[in-house]
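Let's take a walk through a protein chain together. Have a look at the sequence and the fold first, and then read on.

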Amino acid sequence: MTDPLKNSGLVVVDKPAGMTSHDVVGRLRRIFGTRKVGHAGTLDPMATGVLVAGIERGTKFLAHMVASTKAYDATIRLGAATTTDDAEGEFLTHSSPEALSLITEAAISDAVSALTGEIMQKPAAVSAIKIGGKRAHQLVREGEEVDIPARPVTIMRFDVQSIRRVEDGGNPYIDIEASVACSSGTYIRSLARDMGNALGVGGHLISLRRTEVGPFTLADARGLDELADSPVLSLSLDEALARSYPVLKITEDEAAALAMGKWLEPRGLKGVHAAVAPNGQAIALVKESGKRLSTVFVARPSTL
């Protein structure tokens with residue numbers, strides 16, 4: 001019997017620079033020959049790296065995908081502030097060579113420490129955050145003033161790999177190569193801006209590569225040209241659920257019940273689990289609520 005979900009799952013793309021996340025979705029629709037493609041966790045056009053896309057029924061799973069943490073490799077440039085907090089914006093200020101010469105490695109280390117742990121972060125005005133139903137970056141393009149309140153984020157790791165003094169366009173800068181692990185919703189360009197502000201010389205992001213989204217890493221990722229030559233899922237829907245959540249093994253009868261949206265007897269579980277049948281198929285995401293073990297998402301409904 002043919003599996004109705006054989007073409008459903010996730011594709012982990014190594015997004016190239018210069019493309020929007022929506023551009024990637026459009027390309028994947030052509031590659032996989034389906035309109036049912038979506039993505040999780042937008043990447044700016046300048047950024048590269050891990051972009052998780054859902055194919056067919058995998059699009060339904062994206063809303064439930066565990067991606068509470070992300071990791072990046074970034075280059076932060078001290079010495080200038082921009083309108084977008086990254087290299088795509090217009091310059092607002094340039095620091096003097098004298099001010100930059102006073103920035104020591106110890107001062108940079110102190111700024112990094114202050115931006116590590118649980119912090120309040122103000123997102124960039126040109127972010128994808130929605131305000132009154134519109135993306136903030138759209139409002140900015142329409143000429144509106146956008147002021148997004150600071151929000152709590154967590155920076156689990158902020159490691160400086162190198163510090164270099166450079167000159168570009170006749171202006172001096174300090175480029176910092178860093179790796180960051182953070183909670184979902186963190187803006188790395190806001191980190192660059194805040195570091196520059198703390199040091200009094202301005203700062204912005206000049207390169208960004210996402211290396212991890214939840215349990216998915218660059219090791220899972222493939223380029224769009226490679227996918228065009230060989231349009232294969234990175235993970236089946238079964239594999240995606242089992243990778244993202246603890247596995248709860250269930251019987252065939254329990255699998256049939258969950259496929260119909262029925263609930264099971266509780267068994268002392270904490271949090272969401274992937275309910276996997278004896279044949280290895282992930283039937284649903286389940287969670288205990290009171291005296292019920294009920295479905296959060298049915299991957300394989302009985303109606304398929």
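At 19% relative accessibility, aspartate 194 counts as buried, because buried here means under 20% relative accessible area, with exposed being over 50% and partly exposed anything in between (1.4 Å probe, protein chains only). Aspartate 194 has a charged partner: arginine 193 forms a salt bridge with it, and the closest N and O atoms are 2.9 Å apart. To count as a salt bridge, a side-chain nitrogen of Lys or Arg has to be within 4 Å of a carboxyl oxygen of Asp or Glu. Arginine 193 is buried as well, at 14% relative accessibility.

Before going further, a word on where this comes from: this is a predicted model, so local features need pLDDT of at least 70 and side-chain atom pairs count only at pLDDT 80 or more, while totals for chains, interfaces and linings use all residues. Residues are numbered from 1 along each chain as its sequence is written, and side-chain values use heavy atoms, with hydrogens and water left out.

## The whole chain

Now zoom out. The chain has 304 residues, and buried ones make up 48% of them. Its C-alpha atoms fill a box of roughly 75 × 45 × 40 Å, taken along the principal axes.

The secondary structure comes to 9 helices and 18 strands. These are DSSP runs numbered from the N terminus, where a helix (H or I) needs at least four residues and a strand (E) at least two. What about contacts, meaning heavy atoms within 4.5 Å? Take those between residues at least 6 apart in sequence: 70% of them join residues at least 24 apart.

## The annotated active site

Which residue does the UniProt annotation "active site" cover? According to that unreviewed entry, the answer is Asp44. Keep in mind that UniProt positions are given in the numbering used here, feature names are shortened, and annotations may be inferred rather than shown by experiment.

In the model, aspartate 44 sits in the loop between β2 (37–40) and β3 (48–55). With a relative accessible area of 28%, aspartate 44 is partly exposed. Leaving aside residues up to four places away in sequence, aspartate 44 touches Lys15, Met19, Asp86 and Arg189.

## More charged pairs

Side chains of opposite charge can pair when their charged atoms come close. How many salt bridges are there in this model? The count comes to 15. One of them joins arginine 222 and glutamate 226, with the closest N and O atoms 3.3 Å apart. Arginine 222 is buried, with a relative accessible area of 15%, whereas glutamate 226 is partly exposed at 43%.

Another joins arginine 300 and aspartate 238, where the closest N and O atoms are 3.0 Å apart. Arginine 300 lies in the segment after β18 and aspartate 238 in helix α8, so the pair ties together parts that are 62 residues apart in sequence. Arginine 300 and aspartate 238 are both buried. Asp3 joins in too: Asp3, Asp238 and Arg300 are linked in a network of salt bridges.

## Helix α8 and what follows

Helix α8 covers residues 237–244, and its buried residues are Leu237, Asp238, Ala240, Leu241 and Ser244. Seen down the axis of α8, these buried residues fall within an arc of 165°, so they line one face of the helix. (The arc is that of the directions from the helix axis to the C-beta atoms.)

For residues 245–300, UniProt lists "domain: tRNA pseudouridine synthase II TruB subfamily 2 C-terminal" in an unreviewed entry. The end C-alpha atoms of that span lie 16 Å apart, and the span is 14% helix and 39% strand.

## Rings

Aromatic rings of Phe, Tyr and Trp (its six-membered ring) pair if their centres lie within 6.5 Å; planes under 30 degrees apart count as stacked, over 60 as edge-to-face and the rest as tilted. The count here comes to 1 aromatic pair. The rings of phenylalanine 61 and phenylalanine 297 have their centres 6.2 Å apart and their planes at 40°, so the pair is tilted. Phenylalanine 61 belongs to helix α2 (residues 58–61) and phenylalanine 297 to strand β18 (residues 292–298), which puts the two 236 residues apart. Both are buried.

How values were computed: Contact means heavy atoms within 4.5 Å.
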